[in-house]
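Subject: Structure handover

Hello,

Here is the structure I promised to pass on. Please open it next to this message and follow along.

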Amino acid sequence: MSSADTPTVFLDLDDTICEHPRSTADRLADAFDAAGVEPFFGVSDFRRWLARVTADSAVELREKCFTGIADEQGRESADALAVARAYEDPDPTEVRFLPGAEAALDALGADHDLALVTNGDRETQRAKLAALDIADRFAAATFAGSTGVVKPDPDPFHRTLSALDCSADEAVHVGNSLRSDVAGAQAAGVEAVWLARVEEDADHVPEYRIDSMHDLHAPPWA
Ligand SMILES: [Mg+2]
């Protein structure tokens, strides 16, 4: 970044600023249980398929992912559909801050413009922002899930830059996913800070790495 002192800070929302108390793995286990199906795949398979498919609803998205996984394993799609329909969507109003995230927004927001770049849909993500009472922290917000063009496509980053009349070298993006946040930001020419809570098997190399949101109180790019 050229103006390294006070870049505009883009942030991912899910698993960067906030998380659900009940994990995706827990909800998937519940869904297998409720559907009466012996678990035949895990969260990593689900995430791998989420990156490949698009759909008009969360249920349809899960149906496509789970039947895709079943097909890979030579299984009937009926079990996959039963699990997809039994899976309960998390309540967006029940999110909580990741450790250090609220204080990081306070510290960064004091001398940086902040923007949100999230893959979720507008309605769900706005409910989370309202529950956390942080909607007014962001000078711009891009809800990529509402347009169908999601990170790692550079489009959500380009749209956020243009909303703020900001150039790529005046911004830095913070997110928890190497595949969507780091790769997407870099594809738009924006440097990336990877929040490395869970090791990820991906080749993308972030410009900066932090282990918790507490680390943002003294920004790594400063
Ligand atoms: Mg995330």
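**Thr 16 and its loop**

Thr 16 lies in the loop between β1 and β2. Helices (H or I, at least four residues) and strands (E, at least two) are DSSP runs, numbered from the N terminus. A word on the source: this is a predicted model, where local features need pLDDT of at least 70 and side-chain atom pairs count only at pLDDT 80 or more, while totals for chains, interfaces and linings use all residues. Residues are numbered from 1 along each chain as its sequence is written, and side-chain values use heavy atoms, with hydrogens and water left out.

Is Thr 16 buried or exposed? Thr 16 counts as buried, at 0% relative accessibility. Buried means under 20% relative accessible area, exposed over 50%, and partly exposed in between (1.4 Å probe, protein chains only). Which residues does Thr 16 touch, leaving aside those up to four places away in sequence? They are Leu 98, Ala 101, Val 174, Gly 175, Asn 176, Leu 195 and Met 213. Contact here means heavy atoms within 4.5 Å.

Asp 15 sits in the loop between β1 and β2 too. Asp 15 is partly exposed, with a relative accessible area of 32%. Its phi is positive, about 65°, although Asp 15 is not a glycine.

Now look at helix α5, residues 101–111. Its buried residues are Ala 101, Ala 104, Leu 105 and Leu 108. They cover an arc of only 100° around the axis, so they are on the same side of α5. The arc is that of the directions from the helix axis to the C-beta atoms. An α-helix has 3.6 residues a turn, so residues three or four places apart point the same way.

What do the buried residues of α5 pack against? The partners are β1 (8–11), β3 (96–97) and β4 (114–118).

β4 is mostly covered, with five of its five residues buried. Both of its faces are covered. Leu 114, Leu 116 and Thr 118 are on one side, and Ala 115 and Val 117 are on the other.

β4 pairs with β1 in the parallel sense, over three bridges. Two strands pair if DSSP finds at least two bridges between them. Leu 11 stands opposite Leu 116 in β4. β4 also runs parallel to strand β5 (residues 140–143), joined by four bridges. There, Ala 141 of β5 is the bridge partner of Leu 116.

β4, helix α6 (residues 122–132) and β5 make a right-handed β-α-β unit. A crossover is right-handed if, with the strands pointing away from the viewer, the path from the first strand over the helix to the second runs clockwise.

**Aromatic rings**

How many aromatic pairs are there? Rings of Phe, Tyr and Trp (its six-membered ring) pair if their centres lie within 6.5 Å; planes under 30 degrees apart count as stacked, over 60 as edge-to-face and the rest as tilted. By this rule there are seven aromatic pairs. In one of them, the rings of Phe 32 and Phe 41 have centres 5.1 Å apart and planes at 65°, so the pair is edge-to-face. Phe 40 and Phe 41 are also an edge-to-face pair, 5.0 Å centre to centre with 75° between the planes. Both Phe 40 and Phe 41 are buried. Phe 32 counts as buried as well, at 2% relative accessibility.

Phe 32, Phe 40, Phe 41, Phe 46, Phe 66 and Tyr 87 form one aromatic cluster.

Two arginines deserve a look. The charged end of Arg 75 sits over the ring of Phe 40, 4.1 Å from its centre. Arg 52 lies over the face of Trp 49, at 4.4 Å from the ring centre. A charge sits over a ring if NZ of Lys or CZ of Arg is within 6 Å of the ring centre and within 35 degrees of the ring normal.

**Backbone points**

Most residues other than glycine have a negative phi, and most peptide bonds are trans. Asp 133 has a positive phi, near 60°. Asp 133 is in the loop between α6 and β5, and is exposed, with a relative accessible area of 60%.

A cis peptide bond joins Lys 151 and Pro 152, with omega about 15°. Pro 152 is in the loop between β5 and α7 (155–163).

Best wishes
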